[in-house]
Amino acid sequence: MGTNATQQLAFRLARKPSVLGEIGVRLAFTVVWNAFFGAFIIGAWMHDPQKTPVLIWVVLGALALFGLGMVWDVVARLTRLLLGRVPTVEVDRQPLRPGDRFRLRVVEPHPESLAVLQVGLVSVVVASTTRRGTVTATPTYGTRQVLLDLKGDDIPGGKPLDRTFDLELPPPDQVPEGTVRWEILVATVLRQGGNLASTFPLAVSR
């Protein structure tokens with residue numbers, strides 16, 4: 001159960017990937033996407049737009065709108081970073097072991113800009129699959145303990161949202177097979193649209 005808090009805890013968890021790193025990857029992909037399809041659209045227009053089937057123009061228009069959405073996503077993320085609108089996560093002890101109790105603090109500095117705010121403790125499980133002699137490891141979420149799930153008017157405004165939680169990691173015999181790490185997941189939906197998910201790995205040793 002979450003409680004209001006004002007006391008800072010001993011260890012601040014680092015977001016993985018970092019906000020700047022994630023924005024850089026998204027920006028690079030956005031530039032490549034828009035450059036490729038932008039050149040394709042310009043080429044089709046300069047060649048002879050009347051000879052291009054209507055269906056092709058509809059598809060190109062949809063791709064262009066998708067590209068604009070990608071630009072908006074990058075701008076929204078960068079703006080929130082520059083304005084300090086990113087969550088912070090703290091714990092009272094590190095490293096942890098399976099079965100340990102610990103205190104967690106989550107701070108969202110500008111909750112009024114959010115339509116949805118969810119916080120969870122999740123295990124990341126790596127599942128190995130073999131195909132044609134090649135082993136592929138795919139990380140997925142295993143167990144998920146929902147700590148906070150606020151929507152709409154349930155999200156307080158006017159001041160930062162500051163909550164603490166007293167948690168316990170599952171004992172070794174209850175840890176999902178293939179678990180490689182534990183994370184605090186902070187998932188948000190902006191009021192103006194756009195999903196933002198932040199993961200904060202816990203230092204857990206066996």
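## Burial and surface

Of the chain's 206 residues, 35% count as buried, meaning under 20% relative accessible area with a 1.4 Å probe, protein chains only. The model is predicted: local features need pLDDT of at least 70, side-chain atom pairs count only at pLDDT 80 or more, and totals for chains, interfaces and linings use all residues. Residues are numbered from 1 along each chain as its sequence is written, and side-chain values use heavy atoms, with hydrogens and water left out.

The chain exposes about 12,500 Å², an area from the Shrake-Rupley method with a 1.4 Å probe. Carbon and sulfur atoms supply 61% of that area.

## Fold

The chain has two helices and nine strands. Both are DSSP runs, numbered from the N terminus: helices are H or I, at least four residues; strands are E, at least two. Along the sequence the pattern reads β-β-α-α-β-β-β-β-β-β-β.

Contact means heavy atoms within 4.5 Å. Among contacts between residues at least 6 apart in sequence, 71% join residues at least 24 apart.

## A cis bond

Pro95 sits in the loop between strand 3 (88-91) and strand 4 (101-108). The peptide bond from Gln94 to Pro95 is cis, with omega near -10°. Most peptide bonds are trans.

## Pro201

Pro201 belongs to strand 9 (residues 195-202). Its relative accessible area is 23%, so Pro201 is partly exposed, a class between the buried cut-off and exposed, over 50%.

Leaving aside residues up to four places away in sequence, Pro201 touches Leu13, Ala14, Lys16, Trp182 and Glu183. Leu185 is 16 residues from Pro201 in sequence. In space, C-alpha to C-alpha, Pro201 and Leu185 are 8.6 Å apart.
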